[in-house]
Amino acid sequence: MKIWLRALFAVLALQGMVMAPVKAQGELALLESYIGDWRGDSALVGRDRNEPFRCRLGVAKGNLGRINYTGRCTLVNATLSISGTIAFNEQTRRYEAAMSSNAGYTGLAVGQKNGERISFDLREQQKDRAGSDVRIGARILLVGNSSITVDFEVEFNNSGEVLKASVPFSR
């Protein structure tokens, strides 16, 4: 009887090892479904008047089970560039994202999956050019293979001023 139980546990363990890569490939296929060119329009809110905020986002297949993204958003007087990677980490069984920008912002986040949504919250404290504290954040929301939304937020701690933009992207 003990030999039979050991054999059963061995078969179940082998099935688990065989199924894990298939699941990870499913997770990779989900990420790869976002490959393509995306565009979004919004407004930067928080000053005396809203400023148009237009963005492009390119998502491409990367190495080692990752997707890479690069984006550029234009305002009246500035351009924001972002780039990063999103991957499914098979060892930890979670989605992970990294982002950097031409504004000196870098962030890492673990994706929270809820149904067809994967949400990444990237937050960082930095100093502005005058040496004052600034809180910078970005939230990337992937929804059902057909939608990407990126929320940007900057809070200037000295003045309390908060600038926000929520950009819905479509292909």
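Helices (H or I, at least four residues) and strands (E, at least two) are DSSP runs, numbered from the N terminus. The model described here is predicted, so that local features need pLDDT of at least 70 and side-chain atom pairs count only at pLDDT 80 or more, while totals for chains, interfaces and linings use all residues. Residues are numbered from 1 along each chain as its sequence is written, and side-chain values use heavy atoms, with hydrogens and water left out.

A pocket, on a 1 Å grid over the protein atoms alone, is an open set of points where a 1.4 Å probe fits, with protein on both sides within 12 Å along at least five of seven lines, and its lining residues have an atom within 4 Å of a point. A volume is the space filled by probe spheres set on the points, which are joined across faces, edges and corners.

| Pocket | Volume |
|---|---|
| Largest pocket | about 910 Å³ |
| Second largest pocket | about 220 Å³ |

The largest pocket is lined by 32 residues, and L80, A103, V154, F156 and L163 are the closest to its centre. At least two lining residues of the largest pocket come from each of β2 (51-61), β4 (79-89), β5 (94-101), β7 (117-127), β8 (133-143), β9 (147-156) and β10 (162-170).

For the second largest pocket, the lining has 14 residues, with L64, G65, A87, F88 and N89 nearest its centre. Here α1 (2-32), β4 and β5 each supply at least two lining residues, and β4 gives the largest share, 5 residues.
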